[in-house]
Number of protein chains: 2
Amino acid sequence: MEAISAKLIHRLTLYHCILSYSLEKREYVSSAEIASLLKIDDSLVRKDISFCNVQGLPKHGYKVLELKQKIENVLSFHYAKDVFVVGAGHLATALTQYSDFKDYGINILALFDNNEEKIGKMINGKRVFDIKRLDELIKRTRVDTVFLTLPPQCAQDITNKLVDSGIKYIFNFTPCVLRVPQDVKVRHENIISSFLQMKIS
Amino acid sequence: MEAISAKLIHRLTLYHCILSYSLEKREYVSSAEIASLLKIDDSLVRKDISFCNVQGLPKHGYKVLELKQKIENVLSFHYAKDVFVVGAGHLATALTQYSDFKDYGINILALFDNNEEKIGKMINGKRVFDIKRLDELIKRTRVDTVFLTLPPQCAQDITNKLVDSGIKYIFNFTPCVLRVPQDVKVRHENIISSFLQMKIS
C-alpha cells in the first residue's frame, strides 16, 4: 500500500466520525456533505475516498457502511494495540471511558498509580496496579505504548523508568517536554498550544 | 507584530514548557539544548527565539527567565480568556485541574451538566450549573468559548444551543464532527487520530 500521511490519517478519522455519529442512519453520503461538515474542499474528500478504493454511485454517492469499513481497513482498526495508562486520575479515567477506543484498535490493558487507595481497584473494568510493578508488567506483556497522565513533578522520572523497561511510544498528556533516547517517540497531547492558536489568531 | 503561524505557536508553547519544567532551575539555556530535547533543528530554534526578540550571550546562551517572559508576551499569556466547560465528568474535572491554564490565560469560569447530583457542587473551585442555564449565563457573561466534554449522543443538540446563544469557539473533546455555521470555529481535540498516526506509521 502507498504510504499514508499524518494529515490523511487525520481526515480519514474525521470522515469515520461523521459516518459513525452524524450520518450513521443514512444509506448514502456524498463527498460534498462530508466536505461541508468539515469545511474543506469537496475535491480533497473525493481524492481521499478514492485512496480507500471506494466507488460512488452516480446521483447517490457512497454507501455509508462500505465507506466506513474501507476506512477502517486503511486505518488498521482491526489490528489491536495494547496500551498501559500511567497515572490513574481523572484524565486516565476519562481515557478508559472512551468506548470507541476498542473500535479503533486501542486496547487499554491496565492503569498504574502510586496511590494506595487506587491500587487494586477497577476503573471501568481496568485494574489499577502499583506503579512499582510497571517494569515487571511491561516486560511480561511486551506492551510498548503508554498514555502518560502524571503530575509534572514525576513525569521525567517515570519516563526514564518506562524507557529502561522498553517503552517506545509515549502519549504525553503532561505539560512537560520529556527527555528520551532517539528510538523513543513522544507525542505531546497538550491542548494549551491548540488553545493559544485559537486565542491569538 | 508579524502574523504568527500555528506551527510557531506550537513550538513556542513547547519551548515554554521546557523552560518551566525541564530547565527551570538553570540561569542560561542554549538553543542546542532546546533543539535536542524536541529533536528538531537548532537553526529553527534560533530563528523562533529571534522572532521573540531575545538576544543570547556568547558562550552562555539565553537567559531562561527572559526567554520565558518574552515567549509569554508573544503568546499573550497575560490576556485572560474566559471559558465554560460543558459536561462535568472526568475529562472536565481533569481540565479544571490543569493548574497551568491560568498561567496561559485560560480562565475556566464554570461547568455545566444535566446530572442533578453534580449541579450546585464545586469541582476544583468551579461551580457546576444546570445545563438549562447555559443560554442565560453565556449571554450574561459574554463568554464565547467552550470546552465540549459531552457524550456523543447529545453533542450536536447542545452545540446547536451553544451556537444560538452566541458561542464562537468550540474545543470539541467528543468523537462527533459538529455541524456549525461558517462563523463558528471548532477544533477537534481527538486523540484517536493522533494514536492512529502512531499505530500505522
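The contact between the two chains of this predicted model takes 47 residues from chain A and 47 residues from chain B; two residues are in contact if their C-beta atoms, placed from the backbone, lie within 7 Å. On the side of chain A that touches chain B, the elements giving two or more residues are α1 (6-22), α2 (31-38), α5 (90-97), β8 (169-172), β9 (185-188) and α9 (191-200) of chain A. Helices (H or I, at least four residues) and strands (E, at least two) are DSSP runs, numbered from the N terminus. With 10 residues, α9(A) provides the largest share of this side. By residue type, the side of chain A that touches chain B divides into 26 nonpolar, 14 polar and 7 charged residues. Here Ala, Val, Leu, Ile, Met, Phe, Trp, Tyr, Cys and Pro count as nonpolar, Asp, Glu, Lys and Arg as charged, and the others, Gly among them, as polar.

Residues are numbered from 1 along each chain as its sequence is written, while chains are lettered from A and ligands numbered from 1 in the order in which they are written. Because the model is predicted, local features need pLDDT of at least 70 and side-chain atom pairs count only at pLDDT 80 or more, whereas totals for chains, interfaces and linings use all residues.

**Symmetry and confidence**

Chain A is superposed on chain B by a rotation of 180° with 0.0 Å of shift along its axis (RMSD 0.0 Å). This is the relation of a two-fold axis. The same surface serves both copies, as 100% of the contact residues of chain A recur in chain B. The superposition is by least squares on the C-alpha atoms of residues with pLDDT of at least 70 in both copies. Among the residues of chain A, H90(A) comes closest to the rotation axis, at 2.4 Å (C-alpha).

pLDDT is the predictor's confidence in each residue, from 0 to 100. Its mean over chain A is 91, and 98% of the residues of chain A reach 70 or more. For the complex, the predictor gives an ipTM of 0.83 and a pTM of 0.86.

**Chain A and its sheet**

Chain A holds 9 helices and 9 strands. Its domain assignment, which is automatic or from a database, gives domain 1 (6-73) and domain 2 (81-195). The centres of these two domains of chain A, taken over C-alpha atoms, are separated by 32 Å.

Seven strands of chain A form an open sheet with mixed pairing, in the order β5-β6-β4-β3-β7-β8-β9. β5 (122-123) and β9 of chain A stand at the edges, each with a single partner strand, so one side of each is left without a neighbour in the sheet. Two strands pair if DSSP finds at least two bridges between them.

| Strands | Bridges | Direction |
|---|---|---|
| β8(A) and β9(A) | 4 bridges | parallel |
| β3(B) and β4(B) | 6 bridges | parallel |
| β3(B) and β7(B) | 3 bridges | parallel |

In these pairs, F171(A) stands opposite R187(A) in β9(A), V86(B) opposite F112(B) in β4(B), and V85(B) opposite F147(B) in β7(B).

**A residue at the contact**

S194(B) is found in helix α9 (residues 191-200) of chain B. Leaving aside neighbours within four places in sequence, S194(B) is in contact with R187(A) and E189(A). S194(B) counts as partly exposed because it has 18 C-beta neighbours inside 10 Å; a residue is buried with 20 or more such neighbours, exposed with 12 or fewer, and partly exposed in between.
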